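Hi,

Here is the structure I promised to pass on to you.

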Amino acid sequence: MELKGKIALVTGGARRLGRAFVLALAQAGMKVVVHYGRAAQDAEKTVAQVQALGAEAIALQADLREADAARSLVDRVVDLWGAPHVLVNNAAVFEPGTLQDTTLENWTLHFRVNLRAPFLLMQRFAAVVESEGKIVNVTDWRAVYPGRRYLAYTLTKAALITLTQMAARELAPRVQVNALALGAVLPPPGEDMTYLERLVQRYPARRPARMEEVTDALLFLLRNDYITGEVLLLDGGAHLLHG
Ligand SMILES: NC(=O)c1ccc[n+]([C@@H]2O[C@H](COP(=O)([O-])OP(=O)(O)OC[C@H]3O[C@@H](n4cnc5c(N)ncnc54)[C@H](OP(=O)(O)O)[C@@H]3O)[C@@H](O)[C@H]2O)c1
């Protein structure tokens with residue numbers, strides 16, 4: 001799909017990876033809706049950065065724990081700019097928890113934000129999309145090769161892959177739906193780079209992903225019309241240690 005002039009919605013687009021996705025899409029000539037939850041100031045900064053690139057952006061708040069807020073986000077984009085062509089389900093929560101200590105609260109939070117919200121957004125996106133569209137669901141290599149920690153997170157990201165594959169079948173040939181399964185890119189909030197550097201020592205690449213490597217992968221999936229239902233592992237080969 002030619003991206004120039006088209007409309008993209010990026011959830012959790014105010015900061016960190018989401019912000020990098022927003023800027024990459026703007027650089028590719030897209031009009032970008034920067035969804036945010038709490039990071040209002042960061043969202044405004046990201047919008048200003050997009051505008052400094054000579055592209056258009058707007059910020060929209062929605063608490064993705066709430067079904068109505070998730071469901072109505074796509075309709076708010078339609079009202080403002082028309083039907084979006086691209087949906088990037090990037091927003092997520094990432095909290096630890098094993099089988100034995102995961103609380104119902106932790107479980108419910110992950111399922112609401114990481115799985116139910118993308119489902120509702122995809123459903124509304126599919127209802128309004130015009131002649132062509134793309135969905136990219138941001139997931140994690142841990143969803144394919146689960147570890148012991150982050151139980152609810154991993155389950156939601158695994159189900160997001162299945163949702164990607166099912167939607168790819170149902171929405172073909174108008175909409176391509178793919179998953180980007182990331183490895184180490186940024187340390188979780190509250191951790192510094194030494195957290196990641198320790199982690200990646202075991203990975204074949206022995207370093208975290210560069211942000212440009214991640215945004216290039218997103219652009220590749222959006223520009224290619226013949227890839228659908230794919231899970232692109234962008235993890236520096238981490239999965240090879242578990243295969
Ligand atoms: N960081 C990595 O190295 C890594 C590795 C593997 C996979 N991933 C995946 O890549 C994506 C981005 O990663 P990240 O580290 O940049 O994520 P992050 O900072 O942990 O979260 C991304 C955004 O999700 C939004 N969000 C969370 N709860 C929300 C809610 N209730 N309502 C609305 N928005 C909510 C937040 O928006 P606000 O700040 O506006 O509240 C946040 O900025 C995620 O899907 C993650 O699972 C990341």
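Keep in mind that this is a predicted model. I began with a crossover: β2, helix α2 (residues 40-52) and β3 form a right-handed β-α-β unit. The two strands of that unit, β2 and β3 (residues 57-61), pair in parallel over five bridges, and A59 in β3 is the bridge partner of V34.

On the β1 side there is another such unit, as β1, α1 and β2 also make a right-handed β-α-β unit. Strand β1 (residues 7-10) runs parallel to β2 and is joined to it by four bridges, with A8 standing opposite V32 in β2.

How much of β2 is buried? Strand β2 (residues 31-36) is mostly covered, with six of its six residues buried. K31, V33 and H35 point one way from the strand, while V32, V34 and Y36 point the other way, and all are buried.

I also looked at helix α7 (residues 211-223). Its 13 residues reach 18 Å from the first C-alpha to the last, close to the 18 Å expected at 1.5 Å a residue. Which residues of α7 are buried? They are V214, L218, L221 and L222. These four cover an arc of only 100° around the axis, so they sit on the same side of α7. What covers them includes α1 (16-27) and the strands β4 (86-89), β5 (133-140), β6 (175-182) and β7 (231-234).

Happy to go through any of this with you.

Best wishes

Technical notes. Residues numbered from 1 in each chain as written. Predicted model: local features only at pLDDT ≥ 70, side-chain atom pairs only at ≥ 80, totals over all residues. Expected span 1.5 Å × (residues − 1). Buried ≥ 20, exposed ≤ 12 C-beta atoms within 10 Å, placed from the backbone. Arc of directions from axis to C-beta. Contact = placed C-beta atoms within 7 Å. Pairing = 2+ DSSP bridges. Right-handed = clockwise from strand over helix to strand, strands pointing away.
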